[in-house]
Amino acid sequence: MQVKYCNAECQKNHWPKHKKACKERAAELRNEALFKDPPAKEDCPICFLPMPYSLICCISLPPATILSVPIHDYAIANNEELNDKVMERYYTCCGKSICVGCDYSFAKAGNIGACPFCNSNQDKTEEEQVEEIMKRVAVNDAASIFLLAGYYYQGSLGLQQDQTKAMELFTTAAKLGFSKGHFNLGNIYYEGGNMKKAKFHYEAAAMLGHENSRFNLGLMEKKSGNMDGAVKHWTIAASAWHYNAMHNLLVALKEGYISRESIDSILAAYNKSCAEMRSESRDAAIQIKMNRI
């Protein structure tokens, strides 16, 4: 983006001379985009509180301090039970999501089994659920495409397991700008040993505001020996609620990779972010889920 050519042929002829500078500049631009402030977190359309990524990030526990991150300690102690507990419900009938706290309040008001947006009955067979999802997929609804990909990947909801089809759908969701699509692709490539593609998708998701991807990038940077990069990623993730990132930053403080002044600032942002995701209805929904464990 620093040089103009009269046509593609001249650009191609000059490529041997400018490709090094071009690649360096491209890396600079990518780095700038990667570490700029992420987009604002999506709000629940009913309570207007930030949509929590998982149950654990909005549970009512004491604020983090320079000595500990209570949410991290609680998550580690209850890892198996809390691993897959989400705090968001997606309605395939109209393609909208609400937090589980609002879902709980809606049901408590007597609206059990109904969609809070279109009031359609949610008591459907697996075939009806798949048919409903397919309608949303047909209109390029990224969330439904991502949901269908997960069903194919696991072989659930009556669908035959097809991981190739799942990868195609995750990729489609990612191309539509759905951060969770990039995150899942990052996980799959990471588990398969393709670190280059894993990093690409984690970075794409992180730039879209996906804190778990940001945290994973920090782990990858630490593993490669780049603690400065790891601290940068964890700082952004922790400022947006990520308890593992906040815990790792406290460890980095003890090891001399970050200053006390920086930690104080990040702690304040972390505690504020966690507090913003708490409410009485979310606490009630969490308690019900915990009682079922």
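Predicted model: local features only at pLDDT ≥ 70, side-chain atom pairs only at ≥ 80, totals over all residues.
**Helix packing and aromatic pairs**

Reader: Thanks! What makes helix 12 roughly antiparallel to helix 13?

Author: The angle decides. Angles over 145 degrees count as roughly antiparallel, and this one is about 165°, so helix 12 is roughly antiparallel to helix 13. The crossing of helix 12 past helix 13 is left-handed.

Reader: Which residues make the contact?

Author: Helix 12 brings Tyr-243, Met-246, Leu-249, Leu-250 and Leu-253, while helix 13 brings Arg-260, Ile-263, Ile-266, Leu-267 and Tyr-270. Sorted by class, this contact of helix 12 with helix 13 has nine nonpolar residues, no polar ones and one charged residue.

Reader: Helix 2 packs against helix 12 as well. Why are helix 2 and helix 12 called roughly perpendicular?

Author: Helix 2 (residues 70–77) and helix 12 pack at an angle of about 115°, with their axes 8 Å apart. The class roughly perpendicular covers 65 to 115 degrees, and helix 2 and helix 12 are therefore placed in it. Here the contact consists of Ile-71, His-72 and Ala-75 from helix 2 with Tyr-243, Asn-244 and His-247 from helix 12. By class, the contact of helix 2 with helix 12 has three nonpolar, three polar and no charged residues.

Reader: Let's turn to the rings. How many aromatic pairs does the structure hold?

Author: There are eight aromatic pairs in the structure.

Reader: Are Phe-146 and Phe-170 buried or exposed?

Author: Buried means under 20% relative accessible area. Phe-146 has 17% relative accessibility, so Phe-146 counts as buried. Phe-170, at 2%, counts as buried too.

Reader: And what makes the pair of Phe-146 and Phe-178 tilted?

Author: The rings of Phe-146 and Phe-178 are 5.4 Å apart centre to centre, with 55° between the planes, which is tilted. Phe-178 sits in the loop between helix 7 and helix 8 (179–191) and Phe-146 in helix 6, so this pair ties together parts 32 residues apart in sequence.

Definitions and conventions: Residues numbered from 1 in each chain as written. Heavy atoms only, no water. Axes fitted to C-alpha atoms, helices over the stretch in contact; angles between N-to-C directions. Helix = DSSP H or I, 4+ residues; strand = E, 2+ residues; numbered from the N terminus. Parallel < 35°, antiparallel > 145°, perpendicular 65-115°, else oblique. Left-handed = near helix turned anticlockwise from the far one by under 90°. Contact = heavy atoms within 4.5 Å. Nonpolar A, V, L, I, M, F, W, Y, C, P; charged D, E, K, R; others polar. Phe/Tyr/Trp six-rings, centres within 6.5 Å; stacked < 30°, edge-to-face > 60°. Buried < 20%, exposed > 50% of the residue type's maximum accessible area, 1.4 Å probe, protein only.
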